[in-house]
Amino acid sequence: MTYSENLWLFFLLVSGIIVVPGMDMVFVMASSLSGGRKAGLSATFGIMAGGLVHTLYAALGVGVLLHFAPQLFNALLVAGALYVAWIGWQLFRSSIVIDAVDGIDRRGLVTRFRQGALTSLMNPKAYLFMLAVFPQFLRPEFGPVWRQAAIMLLVIWVTQLAVYGGLALAAARSRDALTGNPAITRFIGRAAGVLLVVIAVVTLWRGWGSV
């Protein structure tokens with residue numbers, strides 16, 4: 001297999017993982033609906049920053065450590081599921097009222113970025129992906145591992161930006177139509193909160209069973 005074929009297969013796999021609805025996707029959508037286009041894109045960039053950390057630990061071989069220490073991985077699954085469930089509970093309890101599209105300030109954008117990064121870092125699906133798949137595409141015959149990892153990170157970033165960024169823009173447009181309708185926005189916020197809790201439970205159950 002050539003390097004280009006190897007990279008193409010990695011791109012197809014990454015695309016298939018990212019387009020599946022999960023924690024990251026729901027968080028981006030909820031951020032856009034509650035805070036507008038800037039909030040959704042800030043959440044997207046935060047998730048991409050989390051992807052950088054995932055790539056670094058995979059390239060450095062931390063995945064091997066987790067593979068031989070399942071109790072550590074189970075603890076990570078629990079922490080991630082609890083964090084995402086907590087975000088979902090906060091969304092469910094809150095009464096989201098949609099204001100002007102650009103009403104969120106810089107401080108709020110930093111908060112969305114930080115929450116996006118934490119959502120990515122505590123997403124069990126991302127760790128499972130790195131543990132099961134990522135090392136298979138790092139081949140010594142294709143050059144330095146760090147260079148391969150950097151290129152694979154770019155593939156992940158481009159795919160995330162296309163999928164999550166596009167979702168953020170689409171949700172922000174829908175947000176304009178929902179401005180001034182508190183009943184609908186409360187329903188959307190609570191529905192997104194319930195979905196986050198459900199996803200947290202499902203990913204914990206599936207992740208725990210795979211260890």
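## A117 in helix 6

A117 is buried, its relative accessible area being 14%, under the 20% cut-off for that class. This alanine belongs to helix 6, which covers residues 106-121. The structure is a predicted model, and the values given here are computed from it.

Once neighbours within four places in sequence are set aside, the contacts of A117 are G46, I47 and G50. The pair A117 and G50 lies 67 residues apart along the chain, yet the C-alpha atoms are separated by 4.7 Å.

## Overall fold

The protein has nine helices and zero strands. Along the sequence the pattern reads α-α-α-α-α-α-α-α-α.

Of its 211 residues, 42% count as buried. Contacts between residues at least 6 apart in sequence join, in 87% of cases, residues at least 24 apart.

## Helix 1

Helix 1 takes in residues 3-18, 16 residues in total. From first C-alpha to last, helix 1 reaches 22 Å, close to the 22 Å expected at 1.5 Å a residue.

The buried residues of helix 1 are N6, F10, V14, S15 and I18. An α-helix has 3.6 residues a turn, so residues three or four places apart point the same way.

## Helix 2

Helix 2 is formed by residues 23-35. Its 13 residues should span 18 Å at 1.5 Å a residue, and the C-alpha atoms at its ends are 18 Å apart, so the two values agree.

Helix 2 is mostly covered, with eleven of its 13 residues buried. The buried set consists of M23, D24, M25, V26, F27, V28, A30, S31, S32, L33 and G35.

## Packing of helix 2 on helix 3

Two packed helices are described by the angle between their axes and the distance between the axes. For helix 2 and helix 3 (residues 37-59), the axes come within 6 Å and cross at roughly 155 degrees. Angles over 145 degrees count as roughly antiparallel, and the two helices are therefore roughly antiparallel to each other. The crossing of helix 2 past helix 3 is right-handed.

## D24, a buried aspartate

D24 lies in helix 2. With a relative accessible area of 8%, D24 is buried.

Beyond its neighbours within four places in sequence, D24 is in contact with I47, T119, S120, N123 and Y164.

## G36, between helix 2 and helix 3

Helix 2 is followed by G36, whose phi is positive, near 95 degrees. G36 is found in the loop between helix 2 and helix 3.

The relative accessibility of G36 is 0%, so this glycine counts as buried. Its C-alpha atom and that of L169 are separated by 8.5 Å, although the residues are 133 apart along the chain.

## The loop between helix 7 and helix 8

F137 sits in the loop that joins helix 7 (124-132) to helix 8 (145-178). F137 is buried, with a relative accessible area of 11%. F137 and N6 are 131 residues apart along the chain, with C-alpha atoms separated by 6.7 Å.

R139 is found in that loop too, between helix 7 and helix 8. At 29% relative accessibility, R139 counts as partly exposed, whereas F137 is buried. The C-alpha atoms of R139 and N6, 133 residues apart along the chain, are separated by 9.2 Å.

Methods
Residues numbered from 1 in each chain as written. Predicted model: local features only at pLDDT ≥ 70, side-chain atom pairs only at ≥ 80, totals over all residues. Heavy atoms only, no water. Axes fitted to C-alpha atoms, helices over the stretch in contact; angles between N-to-C directions. Helix = DSSP H or I, 4+ residues; strand = E, 2+ residues; numbered from the N terminus. Parallel < 35°, antiparallel > 145°, perpendicular 65-115°, else oblique. Left-handed = near helix turned anticlockwise from the far one by under 90°. Expected span 1.5 Å × (residues − 1). Buried < 20%, exposed > 50% of the residue type's maximum accessible area, 1.4 Å probe, protein only. Contact = heavy atoms within 4.5 Å.
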